[in-house]
Amino acid sequence: MSDAKRVEEARKALGVALARWRHARGLTQLVLARRVPTSRTTIAGVEGGRQCPDRIFWRRCDVILGTGGELLTAHDRYCQLKQQLDRQRIDAAQLRRWGEAEGGPSSAGDHGGRRLAAAPPLHADAGPASVVEFASRFADTRGEDRDSAGAATLAIMAGGQAFSFPLSRRVLFEIAAGLTTLGVVNGTDAAPQGAVDPAVVGHFAQLRAFLVRADDRLGGSTILSTVEQQIALIALLRRQARGQLRDQLLSAEARWSEFGGWLSDDLGDRTAGERWLDRAASIAQEADDREFSAYVLARRAQRMVGGGDEDRVVGLAQAASRVPDAPVLVRAFAAVQQAHGHAIAGDSTAFQAGIERARALVATAPVPGDSDGDPLGSFCTPPYLAAQEGEGWLRLDQPRRAIDSFTTAVNQWPDRYRRERGVYLSRTAHAYLAASEPDQAATVATEALTLAATTGSARAHRNVTALAPRLAAFANRPQVRHLLDHLAATG
């Protein structure tokens with residue numbers, strides 16, 4: 001049995017043991033969650049083998065369920081297995097990065113007659129500059145292996161955890177070269193001399209996909225400055241290019257600008273978010289990039305929800321759907337926004353029909369191949385649709401249905417997407433309060449606040465902060481008092 005399989009089975013066994021003891025004591029998931037305290041979504045996620053909380057959680061479960069320490073012992077055994085696996089993955093990633101194979105002739109550090117110095121994983125906790133620093137060290141080693149198309153893994157350490165990003169070694173060399181360049185790019189630099197290599201378009205697409213995945217795990221504040229610098233670099237190249245290559249660079253610039261807008265919105269700077277999205281729309285239209293123009297229209301509809309001019313949500317979403325050749329996932333994204341427009345108008349039947357239309361479109365979307373990167377609207381997954389359904393039911397004043405939808409979304413959300421998990425936990429807290437369950441609302445909101453601090457998500461933090469005035473009436477309850485004190489201390 002592989003080490004990864006052993007870790008997975010140990011995590012699932014922990015969940016099965018928790019469920020067994022809970023049933024033996026005649027407790028529901030909600031009752032156990034209140035006693036720990038944690039959220040019902042966490043209990044369900046643990047019992048389903050999708051999550052594994054910290055030692056405090058398992059110690060409390062041992063006490064509440066009277067297990068004699070069985071759960072905590074099993075948790076510690078799981079952690080030991082996982083630490084061993086993480087260490088192996090980091091070691092293997094470093095070997096692959098330098099073209100070595102464990103036990104092979106190059107394992108001593110000699111590659112093609114050339115001695116290579118091993119580089120430690122990138123520590124993202126140090127801030128955005130660490131990405132460039134790592135790339136610089138990586139670029140210093142490039143040579144005759146530059147054209148190698150073999151697999152490699154970029155290992156990043158953040159918050160004491162190891163994350164791996166699989167990329168081709170050629171892409172890693174290109175990322176290294178591109179990021180090293182970023183250190184000197186600014187709006188006043190002169191355009192680079194010489195012909196623009198068409199291959200650079202693929203480089204920008206690969207790098208953007210890499211940074212999108214990094215954003216999901218590390219938070220926008222870590223990478224926004226790198227994104228802004230990369231946009232400046234694309235613009236410099238675009239000014240020098242001509243013909244089809246210029247159009248391709250325009251499309252790349254539009255996509256990067258929208259990405260900058262998304263990061264700015266999540267960090268709470270809606271003015272910058274609007275500015276970047278305006279730029280993306282203008283550039284996509286100039287490039288005659290109809291697919292991306294449709295996506296930007298849907299994004300505009302999304303930003304209108306809760307942001308003023310809500311009467312335009314349905315119209316913008318319909319406009320996105322009418323764009324010829326709009327990808328199926330973009331149409332699904334537009335259908336979700338159209339559903340939200342109906343919820344704003346109080347039409348629950350039209351809202352539910354819009355969500356079901358989005359589900360049908362997602363079900364028919366082609367499965368992307370390895371070379372497709374991240375297709376537009378790829379975030380439109382069943383968990384995302386469940387979360388959006390929860391938003392609609394909450395807006396329609398049906399909090400119980402909202403709790404069910406949010407719980408489904410959070411339980412299915414991959415653990416690596418911590419920011420979105422935090423956002424939808426914060427919305428679940430609003431649903432619990434609307435359902436007159438302040439204790440559960442405070443408990444879930446505390447989980448969301450922790451994730452908001454970890455990922456720098458202003459959306460999640462803003463959602464939790466909005467609960468405080470409404471929870472003040474219940475300040476004598478321990479869970480509520482804990483949340484309010486935390487908010488008062490952190491601002």
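A contact here means a pair of residues with heavy atoms within 4.5 Å.

**Figure 1. Overview of the chain in the predicted model.** Among contacts between residues at least 6 apart in sequence, 67% join residues at least 24 apart. The chain has 491 residues, and buried residues make up 51% of them. Its secondary structure consists of 22 helices and five strands. The accessible surface comes to about 21,700 Å², and carbon and sulfur atoms account for 51% of that area.

**Figure 2. Helix α1, residues 3-24.** This helix has 22 residues and spans 31 Å from its first C-alpha to its last, close to the 32 Å expected at 1.5 Å a residue. Val7, Ala10, Leu14 and Gly15 are among the buried residues of α1. Further along the helix, the buried residues include Ala17, Leu18, Ala19, Trp21 and Arg22. Gly26 follows α1 and has a positive phi, near 70°.

**Figure 3. Helix α10, residues 243-266.** With 24 residues, α10 reaches 35 Å between its first and last C-alpha, close to the expected 34 Å at 1.5 Å a residue. The helix is mostly covered, as 17 of its 24 residues are buried.

**Figure 4. The loop between α16 and α17, with Asp397.** Helix α16 covers residues 382-395 and α17 covers 399-412, and Asp397 sits in the loop between them. Its phi is near 60°, a positive value in a residue other than glycine. Most residues other than glycine have a negative phi. Asp397 counts as exposed because its relative accessibility is 61%, and the exposed class begins over 50%.

**Figure 5. The loop between α18 and α19, with Ser436.** Ser436 is placed between α18, residues 418-434, and α19, residues 438-455. The phi of Ser436 is near 65°, again a positive value in a residue other than glycine. Is Ser436 buried or exposed? At 61% relative accessibility, Ser436 counts as exposed.

Methods: Residues are numbered from 1 along each chain as its sequence is written. This is a predicted model: local features need pLDDT of at least 70, side-chain atom pairs count only at pLDDT 80 or more; totals for chains, interfaces and linings use all residues. Side-chain values use heavy atoms; hydrogens and water are left out. Helices (H or I, at least four residues) and strands (E, at least two) are DSSP runs, numbered from the N terminus. Buried means under 20% relative accessible area, exposed over 50%, partly exposed in between (1.4 Å probe, protein chains only). Accessible areas come from the Shrake-Rupley method with a 1.4 Å probe; for residues, only the protein chains shown count as cover. The expected span of a helix is 1.5 Å times one less than its number of residues.
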